[in-house]
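Q: I have just opened this entry and would like a short tour. Could we begin with the aromatic residues?

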Amino acid sequence: MIRALLLFLKIAIVVGIFVWFAQNPGQFSMQWMGYQVDFNNAAFLVVVVFLAIVISVVGYLIWRFILNAPGGFGAARRERRRRKGYQALTQGMVAVAAGESELANKLSRKADALLEEPPLTMLLSAQAAQLNGDDTAARRYFEAMLENEETRFFGLRGLLMQAQRSGDAQAALEYTRKAHAMKPKSEWVLTNLFELSEETGDLESAEQALRQAAKYKAMPEAEATRKRAVIQLTRARAAHQAGEIQNALTWARDAHSLAPDLVPATLLLARAAMDANRRREAVKNLERAWPVSPHPDLARAYLELWPEDTEVQRVSRLEKYVAARADHIESRLIVAEISLDARLWGEARAKLNQAMEAASSSLEHPESADISALPGRRLCRLMARLEQEEHGDGDAARQWLQRASEAAPDTAWVCNSCGAVATQWDPHCGACATFDSLRWQNPPHVEATYLALEHDAPEATGGAPDAVLPPPANDGKSVPVIAGAVQR
């Protein structure tokens, strides 16, 4: 509506101007180069001038169109090629994602021919080459991408992945360091920097990568702290084996402070402190560790600090040591074991009976059961030893040993990644090589199957000591069951 009013106003103004000239014709005379031109009507002159201007403008536009026509046709052609090139690039990425190597190669060549922007097409060409199994061509594309600042980061990542696939950890680490220099906050860069630094033995760089990962939220702080503790423990172990007691003590302290529940760190700290004639520090750290993480190795290490003790004194000292967690299954079993060494049959039997009662209670209330309290092979073996050494009852001992072969596996170092069971803690799982995956726990299938079987068959729990007898555990072959449970 407004546009129509404006157009009407413009027409009215033009008409008004011509009407005004018609009512006031006037005269116009001009002399130029010996010629004289007379206009008796000024309105006619205005019309002539207006037409001259219109003709001049139209002529200029025609001349400009003819002059720019070749360039315009070229620009339109380039735009069409550009659109087709981007279409081929997009379709090529889809083909790579779909695993269609032949189509991806075809589209990458088409995009490369249509687009005059190599940085955009090199990535597709490299991925298509990888998909086709041509690692040499892919590497050539990735290396070419390093020459362009816009694609350098993509090139580094591609070369890093190739180095990892070929098992060249050192080359992969170098590419990761270069990528880190470009994008120090990238999550995958920090993760790879830590893993590759640790794998190649550069533990200082691995520890720094963990600090940055926590700082930039690339890794949960608790996870980064735990891994830092394992890194420091690894350094401490190497220093201790090399006889560098002071370095071992320093790094063991760091590991223990970062993860007070990391039993191997506490044990190494105690050994290093004793080697450095710091007995009080060793005692203090071991005493603080038991309430946090009851573990039989802690108790044994604690008793070793007093080699002059008699067997009876060892039992008394141990009972004081475990008093803060006296009801824990590990406390009862370790006291029973040391009591057997001291030939204190009554004390040993009392602790073993308490352990069996706790196991019976767990079986009666599986919904709130403490898995670590379940009757295991260690308890049965200790009972067999007690019957043999106290009464010389070989038949009873054999029965307990038979039950031990059928009992649930004891708490052990279990890999959270693959489910393998290790006899000793190590920074890496011996089966799958995962870093910091071993945890002191019952094998997973105990919780998944053992309680379920007992809960479904309450009649099997009548009487003692048969009340705490576990069902057969796959003929004693526990590790395959564990692996299957973890994959579940």
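A: One aromatic cluster is formed by Trp290, Tyr302, Trp306 and Tyr321. Please keep in mind that this is a predicted model.

Q: Which ring does the charged end of Arg317 sit over?
A: The ring is that of Trp306, with the charged end of Arg317 placed 4.0 Å from the ring centre. Trp306 is also one of the members of the aromatic cluster.

Q: And what lies over the face of Tyr141?
A: Arg140 does, at 6.0 Å from the centre of the ring.

Q: Back to ring pairs, then. How many aromatic pairs are there?
A: The count comes to 6 aromatic pairs. Among them is the pair of Phe194 and Phe435, which is edge-to-face, with 5.5 Å from centre to centre and 75° between the planes.

Q: Where do Phe194 and Phe435 lie in the chain?
A: Phe194 belongs to helix H8 (residues 187-199), while Phe435 is in the loop between strand E4 (421-422) and strand E5 (438-441). The pair links distant parts of the chain, the two residues being 241 residues apart.

Q: Is Phe194 buried or exposed?
A: Phe194 counts as buried because its relative accessibility is 5%, under the 20% limit. Phe435 is buried as well, with a relative accessible area of 11%.

Q: What about Trp413 and Trp440, how are they arranged?
A: They form an aromatic pair that is edge-to-face, 5.3 Å centre to centre and with 65° between the planes. Trp413 lies in strand E3 (residues 412-415) and Trp440 in strand E5, so this pair ties together parts that are 27 residues apart in sequence.

Q: How accessible are Trp413 and Trp440?
A: Trp413 is buried, with a relative accessible area of 8%. Trp440 counts as partly exposed, at 27% relative accessibility.

Q: Which residue in E5 is the bridge partner of Trp413?
A: The bridge partner is Trp440. Strands E3 and E5 pair in the antiparallel sense over 4 bridges.

Q: In what order do the strands of that sheet run?
A: The order is E4-E3-E5, an open sheet of 3 strands with antiparallel pairing. E4 and E5 stand at the edges with a single partner strand each, so one side of each has no neighbour in the sheet.

Q: Changing topic, where is Gln36, and what does it touch?
A: Gln36 is in strand E2 (residues 35-39). Leaving aside residues up to four places away in sequence, Gln36 touches Ser29, Met30 and Gln31. Gln36 counts as partly exposed, at 47% relative accessibility.

Note on methods: Residues are numbered from 1 along each chain as its sequence is written. This is a predicted model: local features need pLDDT of at least 70, side-chain atom pairs count only at pLDDT 80 or more; totals for chains, interfaces and linings use all residues. Side-chain values use heavy atoms; hydrogens and water are left out. Buried means under 20% relative accessible area, exposed over 50%, partly exposed in between (1.4 Å probe, protein chains only). Contact means heavy atoms within 4.5 Å. Rings of Phe, Tyr and Trp (its six-membered ring) pair if their centres lie within 6.5 Å; planes under 30 degrees apart count as stacked, over 60 as edge-to-face and the rest as tilted. A charge sits over a ring if NZ of Lys or CZ of Arg is within 6 Å of the ring centre and within 35 degrees of the ring normal. Two strands pair if DSSP finds at least two bridges between them.
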